[in-house]
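Have the viewer open as you read.

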Number of protein chains: 2
Amino acid sequence: MAADVTTQALIDRHRPTLDQALATIRTRAYWSPHPEHPKAYGEHGSLDAAAGEAAFEALRSTRLDLGQPGTDDWVGGEVSPYGIELDVSYPHPDLDVLLPAMRAGQPAWRDAGPEVRAAVCLEILKRISDRTMEFAHAVMHTSGQAFMMAFQAGGPHAQDRGLEAVAYAYAEQARLPGSARWSKPQGRRDPLELTKHFTPVPRGIALVIGCNTFPTWNGYPGLFASLATGNAVLVKPHPRAVLPLALTVRTAREVLTEADFDPNLVALAAERPGEGIAKTLATRPEIRIIDYTGSTEFGDWLETHARQAQVFTEKAGVNPVVVESTDDYRGMLANLAFSLSLYSGQMCTTPQNLLIPRDGIRTDQGPKTYDEVVADLARGVDSLLGDDTRASALLGALVNPGVRARLEAAAGLGEVALPSRAVTHPDFPDAVVRTPVIVKLDGAEPDDEAAYLSECFGPVSFAVAVDSAAAAVALLRRGIREKGAMTVGAYTTDAEVERAVEEVCLEEAAQLSLNLTGGVYVNQTAAFSDFHGSGGNPAANAALTDAAFVANRFRVIEVRRDDRGNGKNE
Amino acid sequence: MAADVTTQALIDRHRPTLDQALATIRTRAYWSPHPEHPKAYGEHGSLDAAAGEAAFEALRSTRLDLGQPGTDDWVGGEVSPYGIELDVSYPHPDLDVLLPAMRAGQPAWRDAGPEVRAAVCLEILKRISDRTMEFAHAVMHTSGQAFMMAFQAGGPHAQDRGLEAVAYAYAEQARLPGSARWSKPQGRRDPLELTKHFTPVPRGIALVIGCNTFPTWNGYPGLFASLATGNAVLVKPHPRAVLPLALTVRTAREVLTEADFDPNLVALAAERPGEGIAKTLATRPEIRIIDYTGSTEFGDWLETHARQAQVFTEKAGVNPVVVESTDDYRGMLANLAFSLSLYSGQMCTTPQNLLIPRDGIRTDQGPKTYDEVVADLARGVDSLLGDDTRASALLGALVNPGVRARLEAAAGLGEVALPSRAVTHPDFPDAVVRTPVIVKLDGAEPDDEAAYLSECFGPVSFAVAVDSAAAAVALLRRGIREKGAMTVGAYTTDAEVERAVEEVCLEEAAQLSLNLTGGVYVNQTAAFSDFHGSGGNPAANAALTDAAFVANRFRVIEVRRDDRGNGKNE
């Protein structure tokens with residue numbers, strides 16, 4: 001029984017990691033098995049930086065043949081935001097062949113049970129981790145992230161989120177016994193007795209619709225949550241960010257094959273330019289789960305039309321920061337400047353609206369007027385990004401022309417407190433690298449409302465002048481309720497204001513970061529400890545990761561047997 | 001701090017019960033704290049049979065004033081299926097007053113935390129349990145159930161389901177720590193440190209839309225799951241079954257008041273005749289959760305239109321029983337006869353289609369032809385229901401004229417193997433009491449398909465002749481997939497057939513009972529052990545009760561604080 005040996009070996013290898021993950025999602029302390037320092041790679045079978053880059057280069061101008069059934073074409077054509085052509089081609093699916101093939105392996109995958117599935121998932125993650133340096137380049141040259149961010153967010157942090165999802169999936173499935181003996185007393189008569197078996201069963205085929213900016217980080221939670229709960233998973237990457245997820249699918253298929261499962265439990269669906277395959281896939285009856293990260297418009301479309309599926313969406317919000325007072329003015333400015341600059345604001349968690357009382361704020365450096373705060377923040381961003389090489393390493397490249405167009409249009413929305421500047425990338429002269437713009441708006445001015453109550457994805461922030469702390473809190477509530485927020489930040493030394501902001505976040509269901517002045521930023525969340533999104537405001541209908549993210553990806557089927565002929569002696 | 005004493009006293013009183021419930025949903029062994037024998041009532045403050053009946057009689061021709069704000073009218077007019085007029089009136093809501101009032105108490109209820117909420121819910125259930133004998137009459141005279149069933153299913157079994165929901169809700173919320181200290185190593189620099197607080201927050205106001213046949217049993221899971229997760233709950237009973245839920249709301253409001261919470265956290269919305277208030281309520285923006293039991297048509301409407309809410313539906317299915325072979329022919333017939341007769345087949349779990357090979361079946365009494373099996377089953381039902389008094393105690397009354405019309409029409413669908421008979425109830429001569437009809441249909445005959453693939457709610461069963469065991473299994477799969485099933489039964493001594501039936505149930509997500517020949521019936525499920533519905537086939541989108549039933553009724557909000565100024569020493 002070679003297969004049993006294999007799955008037992010996987011359990012032996014990964015059970016300690018799974019147990020630590022299970023413990024950590026309960027304590028929510030810091031933990032990660034995936035190192036985030038580049039020097040940690042190159043040992044224990046992992047690729048070092050040079051080998052990772054070589055592996056990435058070797059992928060260019062190749063056909064990534066995943067051995068999938070029903071491949072009717074080869075498609076591709078990603079161009080890096082840094083200007084290079086990847087020229088990789090991927091399988092395009094004949095769905096009427098691929099989808100049935102994906103279902104074929106489900107009974108065996110279901111019968112393997114939660115622990116084996118978790119162990120196989122952890123082996124997939126381990127092999128991805130070993131190739132982190134290769135993934136870093138793949139993420140960089142599809143998302144436009146700077147290398148260090150692509151390495152960290154696209155590597156260990158994404159793997160952490162995948163592992164977290166596996167832990168939640170395992171925990172939910174393992175809460176039930178495999179079987180039970182049920183014996184109900186009947187007074188002086190014999191008890192009623194039944195034998196009951198409980199099996200977590202998959203919903204069907206799960207669809208992951210990837211995004212351009214964080215293909216692995218946003219893709220892994222849904223992918224691994226669905227796979228660990230017994231579903232086959234079809235990955236539909238963003239057409240400009242196929243490679244990181246194609247490598248992921250390849251790795252998953254390798255591991256599944258070696259563990260004697262059907263590799264078609266995980267497959268890729270790449271699309272032709274303009275094909276819009278996501279809509280076709282999302283409404284196929286075989287698709288019973290969808291994970292999506294992207295625009296509110298398409299997220300809403302999915303929620304409305306993909307009625308046969310459980311739909312998990314991360315859409316867009318308008319993230320606010322209340323700036324009311326601080327006892328660390330420099331720390332606040334530095335922290336905010338970094339948050340606005342990181343990956344050119346192309347994170348769903350980047351703050352957009354800074355809500356600042358027009359009469360100014362109290363600080364450890366004395367009172368500061370609204371104009372002073374905005375000017376000091378502009379200076380902070382400027383000094384952070386003054387050097388082109390350093391700026392490039394923080395900003396990365398604009399991911400697509402739409403972001404650039406929004407950035408350029410933003411300057412016309414109000415008084416520009418900090419103009420955007422073109423940065424020349426030291427290694428990639430064709431990359432479009434831009435510093436953030438900060439625009440002053442008036443929260444009491446109806447004409448400005450359309451701007452600050454719309455998401456402006458990219459390096460655009462609004463310094464919104466408000467009448468008072470109370471007005472800031474009111475606008476905070478309104479923005480979250482109407483437009484949603486992935487993150488909320490607040491700076492205040494006033495216990496009353498803090499309480500009011502916290503109450504708004506509890507009532508409107510938004511995740512709050514208070515008084516971040518050091519090396520933790522509002523746009524970053526850590527797996528096993530922080531929730532990404534809340535699932536309770538319009539920005540997202542799910543949170544990464546909680547029980548609700550996994551519990552409805554499977555159903556439990558009970559088979560109860562009367563194997564004694566109850567009541568025959570009555 | 002009188003309130004603290006009260007809530008602590010409730011925790012002290014109910015924590016052992018909660019702990020036992022938490023343990024039992026993991027072992028799924030038999031357990032119930034609610035006695036199902038009438039003699040157990042009358043002690044420890046509970047009403048005995050006479051006191052319960054007197055309490056019910058005292059309710060007749062009264063106004064049940066719940067002290068709710070925004071009551072603009074008094075409505076009612078329930079007539080018992082047994083013929084008596086209840087003449088109780090209930091508050092009709094002005095929603096623009098009642099809904100805001102229901103929200104007012106939510107912050108305090110949220111801040112109380114999961115354990116206090118669970119304890120308050122258990123106190124509500126305890127007081128309901130004490131009045132079980134009163135509820136029995138209220139359920140009997142709204143649902144038409146016979147007294148003993150109304151007492152058991154409407155009393156202890158419903159209370160079990162409510163407690164089960166509280167246990168799941170508590171378990172999901174308690175998986176998170178209240179707070180965490182997060183410390184991320186930074187090599188030789190000081191670690192990054194954050195303090196994090198995690199709060200389960202409600203989604204908003206939950207709506208329970210009650211049904212006519214099992215107002216408490218089907219109403220309690222959603223009511224208590226939503227309340228225990230911090231939501232206010234508005235109960236909209238079926239207009240013919242208001243009293244049991246109105247008494248429930250009254251009890252909940254009493255307990256909330258005594259525990260110093262806002263009684264408006266639980267409220268009743270009775271409606272005028274023909275008002276159709278459910279549609280209005282279901283699409284109000286304040287309503288964020290809906291629990292519904294009833295027709296597929298309205299369940300589908302809710303799933304389509306109540307997009308602002310989490311919608312949990314139990315709709316209708318077409319429940320099949322595969323009759324392939326048995327080693328206890330008499331036991332099988334007796335078990336099936338009882339299942340078809342109980343509450344006149346007016347259970348969402350009653351078998352409808354008996355799939356029987358036309359060449360007959362193997363039994364311990366030799367081979368039996370299809371005709372013999374059907375005739376023997378008809379005789380079994382006949383002898384079970386031969387005496388009017390005994391028949392009345394099992395059948396109860398038809399709940400509404402629609403059931404009677406369907407029953408009468410069914411005789412025209414095929415050859416009648418067992419005609420329905422009118423039974424005279426010994427105590428209530430106006431009650432419409434009918435024995436079940438069994439109609440022969442041919443599974444290979446396209447003309448019969450419309451009958452056996454539609455739900456025919458009430459005392460109607462079809463003996464469907466099929467070509468083979470394989471044809472039975474194929475029809476089983478098709479029926480579940482297309483029409484859904486709350487229950488599946490099967491009788492077989494053939495390991496191959498058993499495996500095939502089980503595989504269909506696992507793949508199509510239906511709960512399976514095998515070879516029930518004694519005192520356990522396919523239409524009954526026990527809280528803490530059995531799942532009611534699967535949530536994975538068209539009969540219902542949720543199961544009673546699993547983690548998915550509770551996990552998305554609340555969201556978790558994290559507040560993280562940088563209270564040390566991370567990184568200032570860098």
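## Salt bridges, overall and across the chains

Counting over all chains, the structure holds 84 salt bridges. Keep in mind that this is a predicted model. One of those bridges brings together the side chains of Lys196(A) and Asp530(B), at 2.6 Å from N to O. Lys196(A) sits in strand E4 (residues 189–202) of chain A and Asp530(B) in the loop between E18 and H19 of chain B, so this pair links two chains.

Between chain B and chain A the count comes to 16 salt bridges. As for polar contacts, the interface of chain B and chain A has 50 residue pairs, both partners being at pLDDT 80 or more.

What does the chain B side look like by class? The side of chain B that touches chain A is made up of 35 nonpolar, 20 polar and 28 charged residues. Strand E19 (residues 554–561) of chain B is the top contributor to that side, giving seven residues.

The size of an interface is often quoted as the accessible area lost when the parts come together. Here, chain B and chain A bury about 6,500 Å² between them, and 47% of that is on carbon and sulfur atoms. In residue terms, the contact takes 83 from chain B and 83 from chain A.

Which strand of chain A pairs with E19(B)? That would be strand E18 (residues 512–514) of chain A, which pairs with E19(B) in the parallel sense over three bridges. Within this pairing, Ser513(A) stands opposite Arg560(B).

E19(B) also has a partner in chain B: eight bridges join E4(B) to E19(B), and the two run antiparallel. Here Phe198(B) stands opposite Glu558(B). On to E3: strand E3 (residues 179–186) of chain B pairs with strand E4 (residues 189–202) of chain B, antiparallel, over seven bridges. The bridge partner of Ser179(B) in E4(B) is His197(B). The hairpin of E3(B) and E4(B) has two residues between the strands, and in it Gly187(B) takes a positive phi near 65°.

Most residues other than glycine have a negative phi, and most peptide bonds are trans. Ser344(A) has a positive phi, near 50°. Ser344(A) is in the loop between helix H12 (329–341) and strand E11 (353–357) of chain A.

Then there are the cis peptide bonds. In chain A, the bond from Leu544(A) to Thr545(A) is cis, with omega near -20°, and Thr545(A) lies in the loop between E18 and helix H19 (547–550). In chain B, a cis bond joins Leu544(B) and Thr545(B), with omega about -20°. Thr545(B) lies in the loop between strand E18 (512–514) and helix H19 (547–551) of chain B.

## What the record says

For chain A, an unreviewed UniProt entry carries the annotation "domain: Aldehyde dehydrogenase" over residues 95–516. In the model, that span is 47% helix and 20% strand, and its end C-alpha atoms lie 48 Å apart.

Definitions and conventions. Residues are numbered from 1 along each chain as its sequence is written. Chains are lettered from A and ligands numbered from 1 in the order in which they are written. This is a predicted model: local features need pLDDT of at least 70, side-chain atom pairs count only at pLDDT 80 or more; totals for chains, interfaces and linings use all residues. Side-chain values use heavy atoms; hydrogens and water are left out. Contact means heavy atoms within 4.5 Å. Buried area is the accessible area (1.4 Å probe) that two parts lose on being put together, summed over both. A salt bridge is a side-chain nitrogen of Lys or Arg within 4 Å of a carboxyl oxygen of Asp or Glu. A polar contact is a pair of N or O atoms within 3.5 Å; within protein, one must be able to donate a hydrogen and the other to accept it, and residues adjacent in sequence count only if both atoms are side-chain atoms. Helices (H or I, at least four residues) and strands (E, at least two) are DSSP runs, numbered from the N terminus. Ala, Val, Leu, Ile, Met, Phe, Trp, Tyr, Cys and Pro count as nonpolar, Asp, Glu, Lys and Arg as charged, and the others, Gly among them, as polar. Two strands pair if DSSP finds at least two bridges between them. UniProt positions are given in the numbering used here, feature names are shortened, and annotations may be inferred rather than shown by experiment.
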